[in-house]
Amino acid sequence: MDTIFLGRIPFKLKEKDKKLYDEYGKDAIEFAKRGQLLNAINLFDKILEEDPDVEFALVLKANNLFNHISLNLNFDDIGSVDVKVIKNRAENAKQQLQECINLIERALKINPINKEVEELKKFISGTPLKGIEEILKNIN
């Protein structure tokens, strides 16, 4: 899938979230800049464990998870007879894309006027998710 979403996504850093941003968020953003997306995602998970309603963690985890999926979802190494492998990878990708959308929806409940986050949701719900669903439909 090689598509990544690099748009600058604004978020409100509430005063109560500043400690978590300083403790985990800055490092997570640095990991993401270096392409270490899973490390970034793990730090965003730590923030969300402490407080599940931190807008910046929801948004940035969704963005980094989508980029991780996009960069790592590959069907080229699978032979045409490996339908089970294709189906498993596609189902996993669909589940992760749906997680991205769920994270974004939670962020939009916190800040419903964030148009860039709404655009990210539309983007993920569009071609990437529909493409995976088409693969699964054709397999079934």
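Which residues of α1 are buried? They are L20, Y21, Y24, G25 and A28, where buried means under 20% relative accessible area, exposed means over 50%, and partly exposed is in between (1.4 Å probe, protein chains only).

**View 1. The whole protein is a predicted model with six helices and zero strands.** This is a prediction in which local features need pLDDT of at least 70 and side-chain atom pairs count only at pLDDT 80 or more, while totals for chains, interfaces and linings use all residues. Residues are numbered from 1 along each chain as its sequence is written, and side-chain values use heavy atoms, with hydrogens and water left out. Read along the sequence, the pattern goes α-α-α-α-α-α; helices (H or I, at least four residues) and strands (E, at least two) are DSSP runs, numbered from the N terminus. Of the 140 residues, 39% count as buried. The accessible surface is about 8200 Å², and carbon and sulfur atoms hold 50% of that; areas like this come from the Shrake-Rupley method with a 1.4 Å probe, and for residues only the protein chains shown count as cover. Now for contacts, meaning heavy atoms within 4.5 Å: among those with a separation of 6 or more, 69% are between residues 24 or more positions apart.

View 2. The protein has a mean pLDDT of 87, and 89% of its residues reach 70 or more. Among the elements, α2 has the highest mean (97) and α6 the lowest (88). Over residues 1-6 the pLDDT is below 50, and this stretch has 19 contacts in the model beyond near neighbours in sequence.

**View 3. Helix α1 has a bend at Y24.** The helix covers residues 18-33, and the bend comes to about 45 degrees; that is the angle between axes fitted to the seven residues ending there and the seven starting there. An α-helix has 3.6 residues a turn, so residues three or four places apart point the same way. What lies over the buried residues of α1? The cover includes α2 (37-50) and α3 (55-72).

**View 4. Two aromatic pairs turn up in a search of the whole structure.** Rings of Phe, Tyr and Trp (its six-membered ring) pair if their centres lie within 6.5 Å; planes under 30 degrees apart count as stacked, over 60 as edge-to-face, and the rest as tilted. Y21 and F56 make an edge-to-face pair, because their ring centres are 5.2 Å apart and their planes sit at 80 degrees. This pair links distant parts of the chain, with Y21 in α1 and F56 in α3, 35 residues apart. Both Y21 and F56 are buried. F66 and F123 are also edge-to-face, since their ring centres are 5.5 Å apart and their planes are at 80 degrees. F66 lies in α3 and F123 in α5 (residues 115-125), so this pair ties together parts that are 57 residues apart in sequence. F66 is buried, at 0% relative accessibility, but F123 is partly exposed, at 29%.

**View 5. The largest nonpolar core holds 37 residues.** A nonpolar core is a set of buried Ala, Val, Leu, Ile, Met, Phe, Trp, Tyr and Cys residues joined through side-chain atoms within 4.5 Å. F44, I47, F56 and I124 touch the most other members. The elements giving two or more residues to this core are α1, α2, α3, α4 (83-110), α5 and α6 (127-139). Which residues does I124 contact, leaving aside its neighbours within four places in sequence? The list is F66, L97, C100, I101, I104 and L129.

**View 6. G35 is in the loop between α1 and α2.** Just after α1, G35 takes a positive phi of about 85 degrees. G35 is exposed, with a relative accessible area of 51%. From G35 to N67 is 9.5 Å, C-alpha to C-alpha, although 32 residues separate them in sequence. N67 is in helix α3 and is buried, with a relative accessible area of 6%.

**View 7. A32 is in helix α1.** A32 is partly exposed, with a relative accessible area of 22%. Not counting residues up to four places away in sequence, A32 touches L37, A40 and N64. A32 and N67 are 35 residues apart in sequence, and their C-alpha atoms are 9.6 Å apart.

Technical notes:
pLDDT = per-residue confidence, 0-100.
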